[in-house]
Amino acid sequence: MRGILIFLASTLAVIIGSSALLYEGEGEVITIGASTGPYSDMVNFALKPALEEQGYVVEIVEYTDYIQPNNALHNGDLDANLYQNKSFMQDFNNENGTDFINLIQVPTAPMGLYSSEFDSIAEIENGSEVALPLDPVNSSRGFQTLMDAGLIEIAEDANMLAIEEEDILQNNKNLEFVYQDSGQLPRSVDQIGLSLVPGNFALASGMDLADALQLENMNENFRNQIVINAEDEETELSRSLIEAVESERFRQAIDNQFQGFDKPEGF
């Protein structure tokens with residue numbers, strides 16, 4: 001009997017020791033959420049390899065909307081997410097009582113003005129309809145892109161993060177604005193003929209950034225970022241994520257696979 005007990009105890013010790021070694025060998029798991037398309041690709045092909053070089057195991061969760069990735073982060077199902085800009089994050093914090101912070105900005109696909117009817121800005125006909133994102137943050141980006149194209153003029157005292165039609169001083173082509181959910185905007189290129197499409201939705205729909213009549217001159221408030229809960233700001237997790245984005249491995253992946261993306265200053 002004593003021999004059996006010794007054998008069982010030895011076997012249990014081996015199992016526990018092997019499990020500990022296996023866990024240690026796998027490294028700490030980081031779970032990152034991202035919107036389906038270019039930003040889940042960025043996590044997969046740029047961020048994940050850089051984190052794996054640090055010894056982490058990276059799990060990626062993809063989302064098709066802009067609400068669930070933040071809910072999951074707040075609930076602790078994610079360690080970080082990548083899909084939103086600073087303005088969107090701040091609005092979400094204000095409306096939902098969350099406490100998210102911007103950890104570090106990443107290269108971002110710019111919004112573009114696309115058309116199935118016109119080959120240049122000059123060809124746009126008077127009174128044409130143009131589709132814009134429905135939400136205030138992205139519609140502001142759309143108005144700024146139209147301003148950069150010389151199609152409208154915006155009051156100098158306008159809040160550039162929340163532009164409204166009342167802020168438009170001059171509508172040079174008498175454009176008619178149609179507001180749609182961002183996911184609908186790629187289809188509006190054909191349906192309406194003129195559409196302002198956020199870069200992630202354009203790329204996810206197989207569109208080419210180079211085909212835009214006008215690309216956004218991106219405000220830093222609209223550049224996407226890695227977001228975490230504020231309580232994790234001074235953790236090894238946050239330091240590792242910053243190190244990964246600043247790594248040569250990450251930058252090479254951006255240069256090779258994400259051409260045309262607007263880059264943060266100094267990137």
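Two strands count as paired if DSSP finds at least two bridges between them, and I kept that rule at hand while reading this predicted model.

**Entry 1: a parallel pair**

I began with strand 9, where I looked up the bridge partner of Pro133 and found Gln180. Pro133 belongs to strand 6, which covers residues 129-133, and strand 6 pairs with strand 9 in the parallel sense over five bridges. I then asked myself how many of the five residues of strand 6 are buried. Four of them are, and I therefore noted the strand as mostly covered, since buried here means under 20% relative accessible area.

The phi of Asn174 is near 50 degrees, a positive value in a residue other than glycine. I wrote beside this that most residues other than glycine have a negative phi. Is Asn174 buried, exposed or partly exposed? Its relative accessible area is 43%, and because this lies between the limits of 20% and 50%, I recorded Asn174 as partly exposed.

For strand 4, I looked up the pairing with strand 12 (residues 224-229), which is antiparallel and runs over five bridges. Within that pairing, Asn102 has Val227 in strand 12 as its bridge partner.

**Entry 2: helix 4**

At the start of the helix, a side-chain oxygen of Asn85 reaches to within 3.2 Å of the backbone nitrogen of Ser87. Ser87 is also one of the buried residues of helix 4, which I listed as Ser87, Phe88, Met89, Phe92 and Asn93. I reminded myself that an α-helix has 3.6 residues a turn, so residues three or four places apart point the same way. What do the buried residues of helix 4 pack against? I found helix 3, strand 3, strand 4, helix 5 (136-148) and strand 12. After the helix comes Gly97, whose phi is positive, near 70 degrees.

**Entry 3: Gln68**

I looked up Gln68 in helix 3 (residues 68-75), and its relative accessible area of 40% makes Gln68 partly exposed. Gln68 and Ser35 are 33 residues apart in sequence, and I noted a C-alpha to C-alpha distance of 9.8 Å between them.

**Entry 4: the whole chain**

Last, I stepped back to the chain, whose secondary structure comes to nine helices and 12 strands. Its radius of gyration is 23 Å, well over the 18 Å that the globule rule gives for 267 residues, so the chain is more spread out than a compact globule. The C-alpha atoms fill a box of roughly 95 × 35 × 35 Å along the principal axes. Of the 267 residues, 49% count as buried, and the chain exposes about 13,400 Å², of which carbon and sulfur atoms supply 46%.

Note on methods:
Residues are numbered from 1 along each chain as its sequence is written. This is a predicted model: local features need pLDDT of at least 70, side-chain atom pairs count only at pLDDT 80 or more; totals for chains, interfaces and linings use all residues. Side-chain values use heavy atoms; hydrogens and water are left out. Helices (H or I, at least four residues) and strands (E, at least two) are DSSP runs, numbered from the N terminus. Buried means under 20% relative accessible area, exposed over 50%, partly exposed in between (1.4 Å probe, protein chains only). The radius of gyration is taken over C-alpha atoms; the globule rule is 2.2 Å times the number of residues to the power 0.38. Accessible areas come from the Shrake-Rupley method with a 1.4 Å probe; for residues, only the protein chains shown count as cover. Contact means heavy atoms within 4.5 Å. A polar contact is a pair of N or O atoms within 3.5 Å; within protein, one must be able to donate a hydrogen and the other to accept it, and residues adjacent in sequence count only if both atoms are side-chain atoms.
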